[in-house]
Amino acid sequence: MLCFHVCAGEIFELKAELNSDKKEKKKEAVKKVIASMTVGKDVSALFPDVVNCMQTDNLELKKLVYLYLMNYAKSQPDMAIMAVNTFVKDCEDPNPLIRALAVRTMGCIRVDKITEYLCEPLRKCLKDEDPYVRKTAAVCVAKLHDINAQLVEDQGFLDTLKDLISDSNPMVVANAVAALSEIAESHPNSNLLDLNPQSINKLLTALNECTEWGQIFILDCLANYAPRDDRESQSICERVTPRLSHANSAVVLSAVKVLMKFMEMLPKDLDYYGTLLKKLAPPLVTLLSAEPELQYVALRNINLIVQKRPEILKHEMKVFFVKYNDPIYVKLEKLDIMIRLASQANIAQVLAELKEYATEVDVDFVRKAVRAIGRCAIKVEQSAERCVSTLLDLIQTKVNYVVQEAIVVIKDIFRKYPNKYESVIATLCENLDSLDEPEARAAMIWIVGEYAERIDNADELLESFLEGFHDESTQVQLQLLTAIVKLFLKKPTETQELVQQVLSLATQDSDNPDLRDRGYIYWRLLSTDPVAAKEVVLAEKPLISEETDLIEPTLLEELICHIGTLASVYHKPPSAFVEGSRGVMHKRLPARTGSGESTESPDVGTIAGGSGTETAPSIIPSQGDLLGDLLNLDLAPPTTTGPPPPTSGMQMGGMDLLGGGLDSLVGSPMPPRHLGGDIGGSAAMGAGFGAVPAVMPASLNAPMGGGLGDLFDLGGGVGMPLGAYIPPKTVWLPAMKAKGLEISGTFARRAGVIQMELTLTNKAMSVMTDFAIQFNRNSFGLAPAGPLQVLSPLSPNQTIEVSLPLSTVGPVMKMEPLNNLQVAVKNNIDVFYFSCQYPISMLFVEDGKMERQVFLATWKDIPNENESQFQIKDCHLNSDAASNKLQASNIFTIAKRTVEGQDMLYMSIKLSNGIWVLAELRVQTGNPNYTVRKERIRIT
Amino acid sequence: MIGGLFIYNHKGEVLISRVYRDDIGRNAVDAFRVNVIHARQQVRSPVTNIARTSFFHVKRSNIWLAAVTKQNVNAAMVFEFLYKMCDVMTAYFGKISEENIKNNFVLIYELLDEILDFGYPQNSETGALKTFITQTGIKSQSKEEQSQITSQVTGQIGWRREGIKYRRNELFLDVLESVNLLMSPQGQVLSAHVSGRVVMKSYLSGMPECKFGMNDKIVIDKQGKGGATDEAGKSGGGGGKQSIAIDDCTFHQCVRLSKFDAERSISFIPPDGECELMRYRTTKDIILPFRVIPLVREVGRTKLEVKVVIKSNFKPSLLAQKIEVRIPTPLNTSGVQVICMKGKAKYKASENAIVWKIKRMAGMKESQISAEIELLPTNDKKKWARPPISMNFEVPFAPSGLKVRYLKVFEPKLNYSDHDVIKWVRYIGRSGIYETRC
């Protein structure tokens, strides 16, 4: 019947039907047009014909035409003007339903020319005798404000809207409140709502009479009010509490928000305070019998409320027990709240439940249940023993993921209660082979290292992990390194070989700077001062705290002010997911004020009361702050043990690191802080490292600058014996600009192949798939040699490292700067563009060593204008070391001569596109500055 | 506020799309389809954030309803609205199905225009909506009728229109309870609660003022103090309790909440037809209609002996119906032999359970089933988790003990009195999650 395809013929047919004389036929035609519109077909070509149908007294047809107009007016602004007359006329219609319909629709047409005509009808409708028209007009002011804020202010609509708060009809009041609240959000300082005891009183009266939705608007608005003193606060609470019995969960949650906020101001010894606390529990429990989606919203909010005021629900543990048929999202949230409510009084019950859950089918749920048992042990000391034995029972089930999860939490229990449960280590060791997840492996290795003196075959166990060292994840590698060092310090005689082995694996064969740096530090510590090493590595660890996943207090306060809203569901401030100015204002709980104080000093009263909408410090953070804020937020995963996630680019001075940061770095099972490239601080540090066979990773500045000119900056650093220089990864595409996808990366040359090494991080809330990459034409014809290998979908907060081999046979176009590369990355969400600069050094090919004779001949042939000269400052290498180091980057020394105490090195480089570069490096002993002359030729 | 509302079929094709805010583009329609409807994984949350746009969804049979926003909206309100939208659609054209939606799409657009303005929910009571949004086209209305409609839609009593007339004034009250239980094998109650609803179907003329009374402990105690001679005391078995303690209750929006808060009296003007007047929850002094006594014995490694006794615990004159006991069996069950004195029992391999059904059972009786379960020997070290035995039933009384004391009707403008109204009250107690661990 309905047609869902529109082709040219059909458009023609519809046109004819629209212009038909028969009303019924016309209406059917408009219906068909709307149907096509719904499925996304473009029927804008019919605009004039549809608008022609507008002049009708058939309300149903009129509504359909209006619907069409709302969709297409924006794309056809000129033709939309045709409709204006009808709108203006309809706004005067005797039928209030038609007046309202006209003003409602007109507000939805976002065409500047039309908004001009809207003002007069709107003004009339705001003062219409019929409440239905007034309530529609109230919302229309918000619509107009969204299109043209200035116009609304100029025309004085805001004042009219404020007057409507005193309207006799409750629905008009509610809509006016909603409209004003929305407008006020984009003017944080305007004091638009002007909440004062009188207007609050009006709102509270309307609250009893309006629809359920109106009650929500009013309650949400009330929550922004700052009462003058505790008495006013109490009287508002008293008038809001009846809403807790409303059947609509949103009304209940909004009422809870108002109460939670205003309760802050009540003195705790007040009887009413206790009564209020008691009144809050039952409605919260009742929310759990709502539909599952609402249960989820309620549970996310209860999670906040329990953190803020644990006393409210402390006796209601049982209602959070998971039901067999609950959807998974409800189950996981309930579990979270159960742990928060766990106490000595109810721990037996909780444990019995958790044990039941650990036998369920959903893997995520089971894992979380196992983890919860561990958290109970840490939270309620008396239960620790029972928890441990429960975990051991679970390990006996041999269900792989249960075992792994149990081992991870047992590690935490060891840290909380040292020297208490180590008897179970034997059981844990039995499961060593079945562990395949990095976290579990790392936990197990930590346990073995930490208790090496009690495990007879600790060396064998650790050695078994060492075989596949390079296949392990970073987490495991770091843990293994630390564990073996611990083992060595405890049993030095038998394990010398093992420690040598792991140190060389970490420092020489690894590309991971974190691992290398930690390896170097251990190596140096062990070789210089074993006693100090012992003190550092085997230092006593700080106990882990009971609840590590609590929301940070200021954020919690802000979220409490947002109860019921999306912010409370995401547990993030609105600024983290709302674009633009809206919701940036941070809300804060009111401070407790003594009643006497505020009556005695009127100044305090006026400040507190007058600030109305600006209870929060209404500062709009600068873009930078906001960005930082956001990134922090997205980064923080709900970890169970405290250490911050590795933050790349954390700059730490070398000395500082060795002094304070070291014990935390080496002794505990933490992921390491990224030491960055600046570890050595300067070459002076490197000189002091005589005992260490290898040289410190250099303080190289990434040669990202210009083109060939600063090529030789490379030599500026201190030596790196193996492989070419790889600049540290930098962020190329921040998550803000790419809908949550963050890309950082660097370039490297490995075994003659140029690799683009990318780190993709998903900071959005949805899974990303279907990655692909493409380059724009560039100076050296770089192009991906294969597809971007992201095999599994990237889930939120996940990071993946990808290496993309590049070829140099792509199309060439000169870029500015020369080493600029424009990249497009695509995923299921969108296509993103960024540009980055590659170090020229990765284009140096391995066969760049020129024959001596050829070199000499060419050197002379190069014209002078091809020559340039510059200095490298502060380089403390002698000429041989420099030469070795440069060779690693495919810069070859052809000859060397010494003139007047100066070493002259002659070098050749060949670029991937066949260009040769010849250079002369002048090194004066004792002078840390090098001089480079270089020249370029092209060999065809 | 809500930026747009989309309805999809199970394949992810858009059936209805209505955009209210400029910040929601057409691509949002596709984003939801790709990321949620077509997602490979099971839905892990009813709220999804895709590229800074939040999607709220509910599912009704095969149909997805999604509300979209880019702002920090009241999330509870959005879900309440989506449920309401489902109710409204059901009231207009019955079941929410792809066919019904396609056939009524004009009506749905009209409703969406009316009940959601710029993303703000407006009056969504079907009683009021049906006065001016009809499927048969608008009848020409007189001026009085028009203003009556508008004052009703915006007025204090938005859920009822004026001028309703019935020849016979009649009302039906259903007290529907579901009783939930978790019991230990030793017969200890681990948790028990009743969640109940009072559903009212009224066919009353005019704008009747109603007052509902029940044996709420707080009200009875208050009256007791006032000098009335209510003797306290309980007589178990059938729920002859004088009063009950209600943990919490919520009311339909027609009930005057401030009055309930102050006086604990329930007064209201009901919507015409059916409405859920109140919901409540009790946890104290619940009459558990049945007790299940399980006995499971493992005989060697390949055999289980199960004996289950059920005892009915209510007045002998009452009859329980639709009784069903579900006894879980291990996954490696190879054969089952069942003997039961009453009803029929069957082993259902696909559900891993013995299902025992009894049509009717009077109070204060008991019945028994015994079964021998043969097991296949397995080398699975994992022990059988022994899921609880669950039960379903229906009894003609309220397990919470709730009693309707009165429902008075006053309509001062019309000439009928409380006595002329024919009132019917019915109690139905059903099993919720009624489980005994074994």
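Helices are DSSP runs of H or I with at least four residues, numbered from the N terminus. The model shown is predicted.

**Figure 1. A loop residue of chain A, A:Asn419, with positive phi.** A:Asn419 sits in the loop that links helix 22 (400-416) to helix 23 (425-430) of chain A. Its phi is positive, about 60°, although A:Asn419 is not a glycine. Most residues other than glycine have a negative phi. A:Asn419 has a relative accessible area of 57%, so it counts as exposed, the cut-off being over 50%.

**Figure 2. A loop residue of chain B, B:Phe118, with positive phi.** Here the loop runs between strand 6 (116-117) and strand 7 (120-121) of chain B, and B:Phe118 lies in it. B:Phe118 is not a glycine, yet its phi is positive, near 55°. With a relative accessible area of 4%, B:Phe118 is buried.

**Figure 3. The loop between strand 6 and strand 7 of chain A.** Strand 6 covers 799-807 and strand 7 covers 820-826; A:Asn819 lies in the loop between them. A:Asn819 is at 0% relative accessibility and therefore counts as buried, since buried means under 20%. A polar atom of its side chain lies 2.9 Å from the backbone oxygen of A:Tyr838. A:Pro817 is found in this loop too. The peptide bond that joins A:Glu816 and A:Pro817 is cis, with omega about -5°. Most peptide bonds are trans.

**Figure 4. The interface of chain B and chain A.** In this contact, chain A supplies 104 residues and chain B supplies 90 residues. The size of an interface is often given as the accessible area lost when the parts come together. Between chain B and chain A the buried area is about 8,200 Å². Carbon and sulfur atoms give 56% of that area.

Figure 5. Twelve salt bridges are counted between chain B and chain A. One of them joins the side chains of A:Glu182 and B:Arg21, at 2.5 Å from N to O. On the side of chain B that touches chain A, helix 2 (residues 75-93) of chain B gives the most, with eight residues. By class, that side of chain B has 36 nonpolar, 30 polar and 24 charged residues.

Figure 6. Chain A has 38 helices and 13 strands. Of its 940 residues, 57% are buried. Chain A exposes about 38,300 Å², and carbon and sulfur atoms supply 51% of this.

Technical notes. Residues numbered from 1 in each chain as written. Chains lettered and ligands numbered in written order. Predicted model: local features only at pLDDT ≥ 70, side-chain atom pairs only at ≥ 80, totals over all residues. Heavy atoms only, no water. Contact = heavy atoms within 4.5 Å. Buried area = accessible area lost by both parts, 1.4 Å probe. Salt bridge = Lys/Arg side-chain N within 4 Å of Asp/Glu carboxyl O. Helix = DSSP H or I, 4+ residues; strand = E, 2+ residues; numbered from the N terminus. Nonpolar A, V, L, I, M, F, W, Y, C, P; charged D, E, K, R; others polar. Buried < 20%, exposed > 50% of the residue type's maximum accessible area, 1.4 Å probe, protein only. Areas by Shrake-Rupley, 256 points an atom, 1.4 Å probe, with all protein chains shown as cover. Polar contact = N/O pair within 3.5 Å; in protein donor to acceptor, adjacent residues only side chain to side chain.
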